[in-house]
Amino acid sequence: MEDRKKTTIVLFSGDYDKAMAAYIIANGAAAYDHEVTIFHTFWGLNALRKDEPIQAKKNFMERMFGTMMPRGADKMGLSKMHFAGFGPKMIKDIIKKHNAVPLPDLIDMAQEMDIKLVACTMTMDLLGLQKEELLDGVEYAGVAAYLADAQDGNVNLFI
Amino acid sequence: MEDRKKTTIVLFSGDYDKAMAAYIIANGAAAYDHEVTIFHTFWGLNALRKDEPIQAKKNFMERMFGTMMPRGADKMGLSKMHFAGFGPKMIKDIIKKHNAVPLPDLIDMAQEMDIKLVACTMTMDLLGLQKEELLDGVEYAGVAAYLADAQDGNVNLFI
Amino acid sequence: MEDRKKTTIVLFSGDYDKAMAAYIIANGAAAYDHEVTIFHTFWGLNALRKDEPIQAKKNFMERMFGTMMPRGADKMGLSKMHFAGFGPKMIKDIIKKHNAVPLPDLIDMAQEMDIKLVACTMTMDLLGLQKEELLDGVEYAGVAAYLADAQDGNVNLFI
């Protein structure tokens, strides 16, 4: 473990394109034999949501958040919505046409390569997200666990 | 000093939620006994503004900037304004309800934990911000000082 | 080479102000004798576009992208467009008035200081950008080359 390089990414953003960049770097690093962690916080948690509606006990505000936030990677928007009207659909068409890998598949690949996908428990609580709404195999932790990984990291990014 | 880990964050963003993430990581790192610096540049400087209007000699453009930019952490907006109409007020209500710490208190905590809060002098000049408008205890420096901290850093983030 | 410090920046953003911050840090690090790489991916590629229209064989979608994305650093927009109506022009006026260095000149300086400017070939392909459209002296590589630089880096940033 000592000699493996480490890549630790905070995924804060809920944008499809930024999450793609995060997962492309993460998967590349895993292929390079790095020990890789993606710590999903704030809007980045949406990448980990299951795409079907999940029954969970929620108060009014949490239900509202749950309904309005994108349910899973495939439904996330672009960082440049105003960018001449390119919608996520157009980007996804282009990805398909170029045989590039769409975000949900990048996440599957990450899990297959044993990348540690962590959901920030503090922001889950704030946004009213519950464990049964997130993908299986996700770990749950707070900022202390992130720092424990990052402080020995070789590549640390905030995306 | 030699053996303490170092966390150095560039806070470029003027978004309430991104600044929260920056300060949560910074405070966590300080609790972990890291030596922590937050270098505030561009819109991130707004987090350091005092919330009352300050008399300062300014030209027309600087007065305009001064009036239009948020005066202090509590007045900053969200990175996802268009996100289904969630306003900063709603987020702040949720933070209060969950006993999470709002941004101005996170900044107070950072100062109590001796986190070095630096204001980028180059962008202060560009935006016409003056020292008397910023919180007491803030340090003033440029990119060279940032790099001197960051090059020995363990966790370097741009937020 | 062994003892030189290394700064490696991923420039993902297509915003004028974020690209300015990236190049100011990069140029500062080069002045500090760091070995510096800026890896331009997604919208960050626009900073490397030549400002004149280039004839290149493109399909319909690529032509659309090519027309709608800003042609070169000088035409990029701000991260805070909605920010009280500040347009890039206003910022550029302020930069000029304060004798600060505008983005295209920061890029020239970077090239003169032998900063390695890399264009991400995967996103070039996605967005339909071709080598003849980008500045002379740019290198072309993928995520593996980025990681090879970043894993020994002292300052790694994602902007």
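A residue counts as buried if 20 or more other C-beta atoms lie within 10 Å of its own C-beta atom. The model described here is predicted.

**A covered strand in chain A**

Start with strand S2 of chain A, residues 35–40. By the cut-off above, five of the six residues of S2(A) are buried. The strand is thus described as mostly covered. Its partner is strand S1 of chain A, residues 6–11. S1(A) and S2(A) pair in the parallel sense, over six bridges. One facing pair can be named: A:Val10 stands opposite A:Phe39 of S2(A).

**How the copies are related**

Two copies of a chain are related by a rotation about an axis and a shift along it. The table gives both values for two pairs of chains.

| Chains superposed | Rotation | Shift along axis | RMSD |
|---|---|---|---|
| A on C | 120° | 0.0 Å | 0.0 Å |
| B on C | 120° | 0.0 Å | 0.0 Å |

For chain B, 12% of the contact residues recur in chain C, and the copies use different surfaces. Chain A shows this too. Only 10% of its interface residues are also interface residues in chain C, so these copies meet through different surfaces.

For chain A and chain C, a rotation of 120° with 0.0 Å of shift does the superposing. That is the relation of a three-fold axis.

**Where chain A meets chain B**

Which helices pack here? Helix H6 of chain A, residues 143–150, packs with helix H1 of chain B, residues 16–31. Their axes lie 10 Å apart, at an angle of about 70°. That angle makes H6(A) roughly perpendicular to H1(B). From H6(A), the contact takes A:Val143, A:Ala144 and A:Leu147. From H1(B), it takes B:Ile24, B:Ile25, B:Gly28 and B:Ala29. By class, six residues in this contact are nonpolar, one is polar and none is charged.

**Where chain B meets chain C**

How many residues does each chain bring to this contact? Chain B brings 17 residues and chain C brings 21. H6(B) gives the most, with four residues. This side of chain B divides into twelve nonpolar residues, four polar and one charged.

Terms used. Residues are numbered from 1 along each chain as its sequence is written. Chains are lettered from A and ligands numbered from 1 in the order in which they are written. This is a predicted model: local features need pLDDT of at least 70, side-chain atom pairs count only at pLDDT 80 or more; totals for chains, interfaces and linings use all residues. Copies are superposed by least squares on the C-alpha atoms of residues with pLDDT of at least 70 in both. Two residues are in contact if their C-beta atoms, placed from the backbone, lie within 7 Å. Axes are lines fitted to C-alpha atoms, for helices over the stretch in contact, and angles run from 0 to 180 degrees between N-to-C directions. Helices (H or I, at least four residues) and strands (E, at least two) are DSSP runs, numbered from the N terminus. Angles under 35 degrees count as roughly parallel, over 145 as roughly antiparallel, 65 to 115 as roughly perpendicular and the rest as oblique. Ala, Val, Leu, Ile, Met, Phe, Trp, Tyr, Cys and Pro count as nonpolar, Asp, Glu, Lys and Arg as charged, and the others, Gly among them, as polar. A residue is buried if 20 or more other C-beta atoms lie within 10 Å of its own, exposed if 12 or fewer, and partly exposed in between; C-beta atoms are placed from the backbone. Two strands pair if DSSP finds at least two bridges between them.
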